[in-house]
Amino acid sequence: MKNQGIPDDEFRGKPVIGICNTWSELTPCNAHFRELAESVKRGIWEAGGFPVEFPVMSLGETLMKPTAMLFRNLASMDVEESIRANPVDGVVLLCGCDKTTPSLVMGACSVDLPTVVVSGGPMLTGKYNGRDIGTSDLWRFSEDARRGIMTEEELNLAEAGMCRSRGHCAVMGTASSMACMVESLGLSLPGNAAIPAADANRKVLAQLSGRRIVEMVRDDVKLSDILTREAFENAIRVNAAISGSTNFVIHLLAIAGRIGVPLSIDDFDRYSRDIPLVANIQPSGKYFMEDMYYAGGLPSVMHAIRAHLHLDCLTVNGRTVGENVDGRRSLNTTVIADMEQPFNEVAGVVILKGNLCESGAVLKPSAASQALMQHTGRAVVFEDIEDYKHKIDDPDLDVDETCVLVLKNVGPKGYPGMPEVGNMGLPAKLLEKGITDMIRISDGRMSGTGFGTVVLHVSPEAAEGGTLALVEDGDMIRLDVPNRRLDLLVEEAELEQRRSNWKNAANRFTRGYVKLFVDHVEQAHLGADFDFLKGKSGSEVSRDSH
Ligand code: FES
Ligand code: MG
């Protein structure tokens with residue numbers, strides 16, 4: 001350590017604080033994190049700690065193939081082992097793009113040291129052709145490009161206008177939902193979720209977080225002191241109020257599994273039910289994260305639903321949730337509403353059960369079409385993503401807008417890695433007719449910025465021999481959201497017959513991380529963690545290296 005030019009007294013009894021950094025130029029959402037780490041360090045020095053910044057695997061949503069989700073558990077292992085093996089007393093997690101938050105929190109939970117999360121913050125609101133845009137618009141633009149309404153040059157300009165500052169996606173996609181998740185769990189300072197990456201207050205929050213982690217080490221406030229069952233219930237309710245990403249379900253389950261709090265997929269429906277949409281942010285609402293910040297940020301959202309929150313939960317600033325949200329009434333009710341006048345009565349996630357998803361499936365009602373909430377339609381089946389791509393724009397595809405699109409083998413084991421392809425684009429010939437939504441069912445995920453009547457995370461997945469694997473073209477499927485049902489209307493005897501003919505595709509992966517993944521990943525309704533990573537091992541290492 002002395003070769004870094006550190007004075008001797010720095011090593012005498014100061015709390016050593018690790019800054020776990022997901023900076024990478026291949027994760028553009030986190031590309032400003034070295035600068036952010038400097039603010040954290042300043043805070044650690046001020047409070048009498050000694051900061052040590054270290055890199056961990058960084059998961060960028062936009063560039064990684066086949067999907068960043070394939071590597072969430074791998075990154076969590078990197079984080080866990082890096083924290084435990086090195087002599088650190090507390091950790092600051094620098095999280096931004098989607099998977100960087102759950103992977104870091106999962107890994108840190110398995111060590112259970114004092115820990116604070118600092119998020120990188122959302123980008124400024126995008127601008128294109130005189131209007132405000134965000135990542136959700138990109139889906140619309142790319143459909144427009146497919147329909148020939150938008151040229152490639154226009155699409156490029158829109159993309160540049162959308163990404164005009166540092167930070168992660170500026171809508172309530174997965175990254176922002178994860179930032180809200182850590183704040184509602186009590187793992188970040190209040191206000192962390194919404195301060196734009198480009199705003200000077202982001203650095204202030206980072207510096208204050210650095211100061212605070214040193215105090216937390218002195219007071220020995222660990223993750224497990226904050227992550228109680230009540231904290232998880234708060235997070236589910238807040239995710240409903242913001243209509244956060246469906247990915248929240250998988251990541252929160254995985255985090256609960258690490259820290260050892262019992263949480264089931266049914267809890268997400270149970271605790272979401274009485275919460276309306278309070279934050280008017282895309283894709284379920286109209287505005288952007290920047291607007292949410294000006295309207296008071298997440299503390300104002302939590303203030304609006306405080307009657308439904310456990311106000312006595314402890315947070316990393318040493319105060320309770322109730323103390324943090326006290327007096328934080330919304331500054332702009334067109335962006336953050338009162339509970340009494342919400343933007344939508346339906347919010348949160350719905351958990352469906354039925355013979356097509358015995359262990360559960362997820363739907364985000366605020367992003368779906370009301371007219372399709374109770375619908376029976378004929379299945380149009382795609383065996384895998386290649387089959388889908390091959391057929392979807394075929395003018396001879398036998399499909400109309402009353403049909404149900406079914407995509408198999410995009411689950412945790414089937415793809416593998418459960419990519420965000422669940423909101424599959426509609427058939428070109430229906431787009432041309434002006435159709436904008438249809439029921440889509442898969443064992444995959446959807447981007448937090450996506451929308452539509454999309455049933456996701458079907459469990460057990462097709463590659464595990466779930467009923468999804470047995471669906472054939474022409475079968476009737478009934479979606480009944482009010483009654484939380486999803487059923488394949490095929491006689492049980494016929495299903496048994498099909499099941500006996502079903503063959504598990506041979507595992508294509510014989511080596512490397514992907515083999516480990518396929519061998520050990522659990523189903524989506526359990527959080528898609530590895531079976532052997534659940535729980536925690538603490539921070540002690542009993543043996544030395546020399
Ligand atoms: Fe990183 Fe959207 S691509 S947050
Ligand atoms: Mg995403």
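**Helix packing in the predicted model**

Helix 10 is largely enclosed by the rest of the structure, because 13 of its 13 residues are buried (20 or more other C-beta atoms, placed from the backbone, within 10 Å of the residue's own). Helices here are DSSP runs of H or I with at least four residues, numbered from the N terminus. The model is predicted: local features need pLDDT of at least 70, side-chain atom pairs count only at pLDDT 80 or more, and totals for chains, interfaces and linings use all residues. Residues are numbered from 1 along each chain as its sequence is written, and chains are lettered from A and ligands numbered from 1 in the order in which they are written.

Helix 10 covers residues 247-259. At 1.5 Å a residue it should span 18 Å, and its end C-alpha atoms are 19 Å apart, which agrees. The expected span is 1.5 Å times one less than the number of residues. Glycine 260 follows helix 10, with a positive phi near 90°.

Helix 2 (residues 72-85) packs on helix 3 (residues 100-109) at about 40°, with axes 7 Å apart. Axes are lines fitted to C-alpha atoms, for helices over the stretch in contact, and angles run from 0 to 180 degrees between N-to-C directions.

Helix 9 (residues 229-241) and helix 11 (residues 265-272) pack at about 60°, with axes 9 Å apart. They are therefore oblique to each other. Glu233, Ile236, Arg237 and Ala240 in helix 9 meet Asp267, Phe268, Tyr271 and Ser272 in helix 11 (C-beta atoms, placed from the backbone, within 7 Å).

Definitions and conventions
Helix = DSSP H or I, 4+ residues; strand = E, 2+ residues; numbered from the N terminus. Buried ≥ 20, exposed ≤ 12 C-beta atoms within 10 Å, placed from the backbone. Parallel < 35°, antiparallel > 145°, perpendicular 65-115°, else oblique. Contact = placed C-beta atoms within 7 Å.
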